[in-house]
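Trainee: Can we go through this one together, question by question?

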Amino acid sequence: MGSEVALAEQFQISFTEPWKDLITTSITQLDEVESLLKNYPPPLPSIDQIKSALNHLNHSKATGADGVPARLLKRFSSVLAPIVHDIITAIALISGCPAGVPQGSALSLTLFNIHIDDLDTSVPEDLEVSTYKYADDCTQSECIMKGECSNMQKVLDSVQNWSNANRMKLNAKKTKDKWICFGKSIPQPPNLFTGDVMIERVNSFKLLGVSCQSNMKWNSQIKEITRKGNRRLCHLRQCRKAHLPTEVGMATYCTKIRPLLEYAAQVWGALLQYLVNDRERIQRRSLRIIGLPVDILPPLSERRDKLTLREMEAITQDVNHPCHHLVPIAQKHDYSTRTKEIGSNVGHIISRT
């Protein structure tokens, strides 16, 4: 062992000895970097780069403040690219072009999370509003008791002030307001405003890919995933036309279609039977296209029950889980209850809205 270490050291010395006088380590000072940034103009995108950026626009995203849809920008990218290049060049010559990070890079997401880290602290604690942040989405909720007034407008004003202080702008078109109440005699709170723009009050909106309705039903969620699932059946048809083995079709279904049907199933799993049938119908169609019997895979409802039970056990066993305080304490009774599994450590779940 000692001879091998000595031999390795000799090899290292033989490779580094001729270059030891040429290797210099110098750390650039901050003032030198600032002087370089001031003396040299920032790099400008070329016309081809601008054209490529226009061609890669996602037409499914919401239209911006200019009201021009992405499909038109993609269609006329060759005409618009030189014009956009001239505008960027003129702005850089007149007022300078601040440097940034490319959109979609790993560093940009980290910097954005650091930038909005103090967003929840800008809301006063006495307003009793919960703030939930995930990537670039922010959701705020409050529970209004009978006879109380809503504090959401004050919260929205605080967020607006924070945005102005941090040179950001709230997108009123993407901001939605949803009111959940099953009492018809209770009046709805007044509409919310961000500046002079009124926030749209909706009965359903999508939160982290899950469509939530004000009546606490999941019809819109099932309608959305079944629509997307039916569109993805074309992948299975292509496998069938190419005479690929059934294993390829099964792998395609398990990786492309079934995860879509089971996304966040632990949340919206308690469905009515006709909604359950809509999901199961997609799996049966997929297996028929592949050329396999429809009972070769377990039903989606059975898989959903296992996923929900596993998630519930993870919540109850971890005291640091964010949802641990929402789970009631498990109680054992000598008489028969609705719990199907005898001896289960999971308590009876009480629906909360």
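Mentor: Strands (E, at least two residues) and helices (H or I, at least four residues) are DSSP runs, numbered from the N terminus. What you're looking at is a predicted model, where local features need pLDDT of at least 70, side-chain atom pairs count only at pLDDT 80 or more, and totals for chains, interfaces and linings use all residues. Residues are numbered from 1 along each chain as its sequence is written, and side-chain values use heavy atoms, with hydrogens and water left out.

Trainee: Let's zoom out. What share of the residues reach a pLDDT of 70 or more?

Mentor: pLDDT is the predictor's confidence in each residue, from 0 to 100. The mean for this protein is 76, and the share reaching 70 or more is 75%.

Trainee: How many contacts does the stretch 346–353 have in the model, beyond near neighbours in sequence?

Mentor: Its pLDDT is below 50. With contact meaning heavy atoms within 4.5 Å, the count for residues 346–353, beyond near neighbours in sequence, is 10.

Trainee: Is Thr 252 buried or exposed?

Mentor: Buried means under 20% relative accessible area, exposed means over 50%, and partly exposed is in between (1.4 Å probe, protein chains only). Thr 252 sits in helix 10 (residues 246–261), and its contacts outside four places in sequence are His 235, Leu 236, Cys 239 and Ile 257. Its relative accessibility is 15%, so Thr 252 counts as buried.

Trainee: Which side chain meets Arg 201 in a salt bridge?

Mentor: A salt bridge here is a side-chain nitrogen of Lys or Arg within 4 Å of a carboxyl oxygen of Asp or Glu, and by this rule the count comes to 9. Arg 201 meets its partner at 2.8 Å, N to O, and that partner is Asp 177.

Trainee: How many residues apart are Arg 201 and Asp 177?

Mentor: Arg 201 is in strand 6 (residues 200–201) and Asp 177 in strand 3 (residues 176–177). Arg 201 is partly exposed at 24%, while Asp 177 is buried at 11%. The pair links distant parts of the chain, and the gap in residues is 24.

Trainee: Why does the pair Glu 262 and Arg 303 tie together parts that are apart in sequence, and how many residues apart are they?

Mentor: Their side chains form a salt bridge at 2.5 Å, N to O. Glu 262 is in the loop between helix 10 and helix 11 (265–268) while Arg 303 is in helix 13, so the pair joins parts whose separation in residues is 41.

Trainee: And Asp 278 with Arg 281: about how many helical turns separate them?

Mentor: They form a salt bridge with the closest N and O atoms 2.9 Å apart. Asp 278 is partly exposed at 24%, and Arg 281 is partly exposed too, at 39%. Because they are 3 residues apart in helix 12 (residues 273–290), the separation in helical turns is about one.

Trainee: Last one: is Ile 83 buried or partly exposed?

Mentor: Ile 83 is in helix 5 (residues 77–95). Its relative accessible area is 45%, so call Ile 83 partly exposed.
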